Amino acid sequence: IMKPINIGFNNIVIDSRIVGIISPDSAPSKRLREEAKEREMLIDATSGRRTRAILIMDSGHIILSAINVETLLLRIEKGE
């Protein structure tokens, strides 16, 4: 069952395609972001806001969200 999840500013991803959600503050997450940008697999869905979560997708895309990790997890659990 494909459930759409709002990751902020009316940007939607399908919950079953998410491999992981990580905090953007660590050095490995910054490296992951840079590598995705070089591969042209980075999607910035923050609308210019501060990045609060990084979504890793099963396609290899990395999505930046301005919604924090805990809120995204609640949305996935509720199926919003």
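Which residue stands opposite Leu55 in S5? In the predicted model described here, local features need pLDDT of at least 70 and side-chain atom pairs count only at pLDDT 80 or more, whereas totals for chains, interfaces and linings use all residues. Residues are numbered from 1 along each chain as its sequence is written, and side-chain values use heavy atoms, with hydrogens and water left out.

The chain contains two helices and six strands, where helices (H or I, at least four residues) and strands (E, at least two) are DSSP runs numbered from the N terminus. Along the sequence these elements follow the pattern β-β-β-α-β-β-β-α. The radius of gyration of the chain, 12 Å, is close to the 12 Å that the globule rule gives for 80 residues, so the chain is as compact as a globular protein of that length; here the radius is taken over C-alpha atoms, and the rule is 2.2 Å times the number of residues to the power 0.38. The C-alpha trace spans about 30 × 25 × 20 Å along its principal axes.

Four strands form an open sheet with mixed pairing, in the order S3-S5-S6-S4, two strands being counted as paired if DSSP finds at least two bridges between them. Strand S3 (18-22) and strand S4 (42-44) are the edge strands, each of which pairs on one side only. From one strand to the next, the twist averages 20 degrees, with axes defined as lines fitted to C-alpha atoms (for helices over the stretch in contact) and angles running from 0 to 180 degrees between N-to-C directions.

S3 and strand S5 (residues 53-57) run antiparallel and are joined by four bridges. Within this pair, Ile21 is the residue that stands opposite Leu55 in S5, while Ile18 has Met57 of S5 as its bridge partner. Helix H1 (residues 27-38) packs on the sheet, where it touches S3, S4, S5 and strand S6 (62-65), and its direction makes about 55 degrees with that of S5; contact here means heavy atoms within 4.5 Å. Helix H2 (residues 69-78) also packs on the sheet, touching S3, S5 and S6, and its direction makes about 145 degrees with that of S3.

S5 also pairs with S6 in the antiparallel sense, over four bridges, and in this pairing Ile54 stands opposite Leu64 in S6. The two strands form a hairpin with four residues between them, and Gly60 in the turn has a positive phi of about 95 degrees. S5 is mostly covered, since four of its five residues are buried, a term that means under 20% relative accessible area, with exposed meaning over 50% and partly exposed in between (1.4 Å probe, protein chains only). Of the 80 residues of the chain, 34% count as buried.

The 12 residues of H1 should span 16 Å at 1.5 Å a residue, which agrees with the 17 Å between its end C-alpha atoms; the expected span is 1.5 Å times one less than the number of residues. Just after H1, Glu40 takes a positive phi of about 60 degrees.

In the loop between S4 and S5 lies Ser47, which counts as partly exposed because its relative accessibility is 46%. Ser47 is 23 residues from Pro24 in sequence, and the two are 16 Å apart in space, C-alpha to C-alpha.
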